[in-house]
Amino acid sequence: MKALTIAVDGYASCGKSTLSKDLASALGYRYIDSGAMYRAVTWYLLQHRLEAEEGENLQRALSDIAIDFVTQSGETVLLLNGKEPGLALRSKEVNSMVSPVSALHSVRQTMVQRQREFATQAGLTMDGRDIGTYVFPNAELKIFMQSRPEVRAARRLAELQNAGDTKWTVEEVLVNLRERDEMDSNRDFAPLRRAHDAIDLDNSDMNREEQLAWAMDLAIARGAQQP
Ligand code: CDP
């Protein structure tokens, strides 16, 4: 029995974080949302009116940004310099700028280094775009997720509305998902790719319990132990 590193990658709004969180809580592992880290950097740049470009300002910003994940009432919450940005990470402004920001080499290098530091503790699920290909190429279990675009847009819209953000139409959500997928897949450094040894999951017609049961079978087959 071992504590695994589980990498969950895939397209925007496929339910990667839902599956990763559910797996972490079923296995007693730590969960890290790498996308939230890129969103936090983007939000910080927006707040400080900094451009998404390499240079001294970006270097200074990256060294001023501290990101932590803490557990509050059973939920994993990101803290940026000790404060919880919460819903701001999902704002329209952040959604429009996050892909260009996360394509910047120095942003990726800094975030990947911090993501690897989180793995010193055994038993981790991390979701993102390059976790199985670049951050943890030796992860014992890699899952590559996709679902139909209209399903993804409807899920993201419901998530935003439940959180009180009613500014989006379903068409706008769909456009944003497509634009991010395009940019994330075509950047030169650590693009969104399926790792050659990843297992595919299309969860368009699966509910939360079904996708968790599917992934738990794989984790157990690879030696994970339920707490
Ligand atoms: O939740 P959703 O799938 O819409 O996005 P996310 O996982 O929060 O990621 C937001 C953005 O961060 C992505 O569109 C990528 O541009 C970037 N990202 C990345 O470059 N590498 C990762 N490992 C995770 C996210």
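Before I start, residues are numbered from 1 along each chain as its sequence is written, and side-chain values use heavy atoms, with hydrogens and water left out. Because the model is predicted, local features need pLDDT of at least 70 and side-chain atom pairs count only at pLDDT 80 or more, while totals for chains, interfaces and linings use all residues.

Let me begin with the cores, where a nonpolar core is a set of buried Ala, Val, Leu, Ile, Met, Phe, Trp, Tyr and Cys residues joined through side-chain atoms within 4.5 Å, and where buried means under 20% relative accessible area, exposed over 50% and partly exposed in between, with a 1.4 Å probe and protein chains only. The largest nonpolar core has 33 residues, and the members that touch the most others are Met37, Val41, Ile67, Leu78, Val107 and Met111. Among the elements that each supply at least two residues are helix 3 (56-64), strand 3 (67-72), helix 4 (92-102) and helix 5 (105-118), but it is helix 2 that gives the most, with 7 residues; helices (H or I, at least four residues) and strands (E, at least two) are DSSP runs numbered from the N terminus. Taking Val41 as an example, and leaving aside residues up to four places away in sequence, its contacts (heavy atoms within 4.5 Å) are Leu62, Ile65, Val101, Val107 and Met111. There is also a second, separate core of 20 residues, which includes Leu27, Leu141, Ile143 and Leu212.

Turning to the aromatic rings, those of Phe, Tyr and Trp (its six-membered ring) pair if their centres lie within 6.5 Å, with planes under 30 degrees apart counted as stacked, over 60 as edge-to-face and the rest as tilted. By this rule there are 3 aromatic pairs. In one of them, the rings of Phe69 and Phe118 have centres 5.6 Å apart and planes at 75°, so the pair is edge-to-face. Because Phe69 lies in strand 3 and Phe118 in helix 5, this pair ties together parts 49 residues apart in sequence, and both Phe69 and Phe118 are buried. The pair of Tyr134 and Phe189 is edge-to-face as well, since the ring centres are 5.3 Å apart and the planes at 85°. Here Tyr134 is partly exposed, at 31% relative accessibility, whereas Phe189 is buried at 13%.

Tyr134 also takes part in another arrangement, in that the charged end of Arg116 sits over its ring, 5.2 Å from the centre; the rule asks for NZ of Lys or CZ of Arg within 6 Å of the ring centre and within 35 degrees of the ring normal.

Arg49 is found between helix 2 and helix 3 and is exposed at 76% relative accessibility, while Ser73 is found between strand 3 and strand 4 and is exposed at 81%.
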